Amino acid sequence: MRVYADNNATTMVAPEVVEEMAPYFTEHYGNPSSMHSFGAAAEDKLGESREKVAALLGAVASEVIFTSCGSESDNAALRGTLESYPEKRHIVTTRVEHPAVLNFCKRMEDSGYQVTYLPVDPSGQIDLQELEDSITDDTAIVSIMYANNETGVVFPVSRIAEIVKSQGAVFHCDAVQAAGKLPLDVRDIPFDLVTISGHKIHAPKGVAALYVRRGTKFRPFIIGGHQESGRRGGTENVPGIIGLGKACVLAEERAEEERTRLMRLRDKLQKALLAKAPDARVNGEGSPRLPNTLNISFRYVEGEAILLMMNSVGIAASSGSACTSGSLEPSHVLRAMGIPFTYAQGSVRFSLSRYNSEEEVNYIIGQLPPIIRRLREISPFGREAEHARA
Ligand code: PLP
């Protein structure tokens with residue numbers, strides 16, 4: 001059996017999405033900026049897709065800019081705002097953001113900006129009073145994610161947005177992991193800028209969107225032609241955008257039902273692993289979490305070793321995030337939460353999608369506990385702990 005449980009890294013492209021995209025590679029391949037009928041076919045469908053993406057966000061089409069990836073949208077939101085308020089030299093973010101935000105902020109520090117990286121508590125939450133206190137007249141932008149890609153911990157973005165707006169700063173929310181999984185409506189929450197990414201919601205890689213609320217000051221990050229109403233240069237990835245539009249429609253249609261189903265499967269997995277593997281803990285427990293995500297640590301074993309052994313029985317999961325795997329340092333997210341090193345090292349992230357079945361979850365439940373036992377047998381600390389328990 002092969003089980004793909006790494007959907008926070010990327011998702012399978014939905015067959016309906018592939019079908020919708022196909023004619024725009026070989027039939028309607030015109031440049032949407034061209035005057036002829038080939039261009040018009042692409043442009044019409046581009047407009048339709050913009051409506052679909054806007055609908056998922058409760059936005060209007062003119063507030064949606066298409067980009068090449070979530071990282072570009074994050075960079076564009078930050079850079080576009082900083083350039084719009086050149087007199088303001090302060091950014092507020094958290095210690096647990098995706099590198100697309102964190103590393104951008106670090107780069108801005110090199111250019112003389114001041115950045116506040118808000119800490120999180122052991123359940124992964126920021127202190128809202130600390131957020132409010134951190135915003136000053138010099139703060140151009142506050143960039144805080146909706147849901148964490150590694151732990152699934154969900155921030156109270158509605159409260160956060162209200163606080164940021166009451167303090168007069170621009171609010172950008174990286175909603176890459178939340179889109180399609182949690183309610184996300186710009187009519188209910190005063191976001192100024194929102195990032196979403198196609199490949200996390202069963203659209204292809206290489207396409208994403210940035211929501212920019214009407215009236216928000218924004219300067220383009222990619223400077224080029226008049227595409228995207230002059231807000232993002234570069235010929236649009238037409239098939240990708242069409243795929244994103246279709247993926248948004250599917251996400252919206254199935255959101256409620258999938259949320260309930262995934263949470264039940266995730267909870268089943270969590271309960272069984274905690275029961276069958278002693279010395280395990282769930283990272284982010286105590287916080288609201290994405291319905292599809294389980295980040296679990298097994299004390300005294302290496303996350304990488306667990307992944308390799310799971311891979312050998314056909315299970316694909318992740319340690320921390322895809323972006324930090326390959327390094328033996330525990331993830332910056334788990335470190336920020338103060339997870340003890342002996343646990344953080346042995347962390348595994350399972351992230352499910354609409355294509356995962358109960359049978360697959362049962363397979364993980366059957367395979368993983370013996371793997372943990374075997375790894376503890378060969379770890380000196382693990383052996384001691386097992387013997388102490390015996
Ligand atoms: N933000 C978050 C929270 C993510 O999880 C990711 C991808 O893992 C990104 C941003 C970057 O998105 P992309 O891979 O489309 O650049």
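A residue is called buried when its relative accessible area is under 20%, exposed when over 50%, and partly exposed in between (1.4 Å probe, protein chains only). The model is predicted: local features need pLDDT of at least 70 and side-chain atom pairs count only at pLDDT 80 or more, while totals for chains, interfaces and linings use all residues. Residues are numbered from 1 along each chain as its sequence is written, and side-chain values use heavy atoms, with hydrogens and water left out.

**Stop one: a charged network**

Please select Glu-20, Lys-45, Glu-48 and Lys-52, which are linked in a network of salt bridges. A salt bridge here is a side-chain nitrogen of Lys or Arg within 4 Å of a carboxyl oxygen of Asp or Glu. Begin with Glu-20 and Lys-52, whose side chains meet at 3.3 Å, N to O. This pair links distant parts of the chain, 32 residues apart: Glu-20 belongs to helix α1 (residues 15–21) and Lys-52 to helix α3 (residues 37–57). Helices (H or I, at least four residues) and strands (E, at least two) are DSSP runs, numbered from the N terminus. Lys-52 has a relative accessible area of 18% and therefore counts as buried.

Next, show Glu-48 and Lys-45, with closest N and O atoms 3.0 Å apart. Both residues lie in helix α3, three residues apart, about one turn of the helix. Lys-45 is buried at 12% relative accessibility, whereas Glu-48 is partly exposed at 38%.

**Stop two: helix α7**

Move to residues 157–166, helix α7, where Arg-159 and Glu-162 lie three residues apart. Their salt bridge has its closest N and O atoms at 3.3 Å. Arg-159 is partly exposed at 41% relative accessibility, and Glu-162 is partly exposed with a relative accessible area of 41%. A search of the whole structure finds 16 salt bridges.

**Stop three: between the domains**

Colour domain 1 (3–8 + 255–389) and domain 2 (15–251) separately; these bounds come from an automatic or database domain assignment. Their C-alpha centres lie 29 Å apart. The contact (heavy atoms within 4.5 Å) takes 30 residues from domain 1 and 32 residues from domain 2. Together the domains bury about 2400 Å², 55% of it on carbon and sulfur atoms; buried area is the accessible area (1.4 Å probe) lost on putting two parts together, summed over both.

Finally, select Leu-290, Met-337 and Arg-354, which supply 24% of the area that domain 1 buries against domain 2, more than any other three residues. Across this interface the rule finds zero salt bridges.
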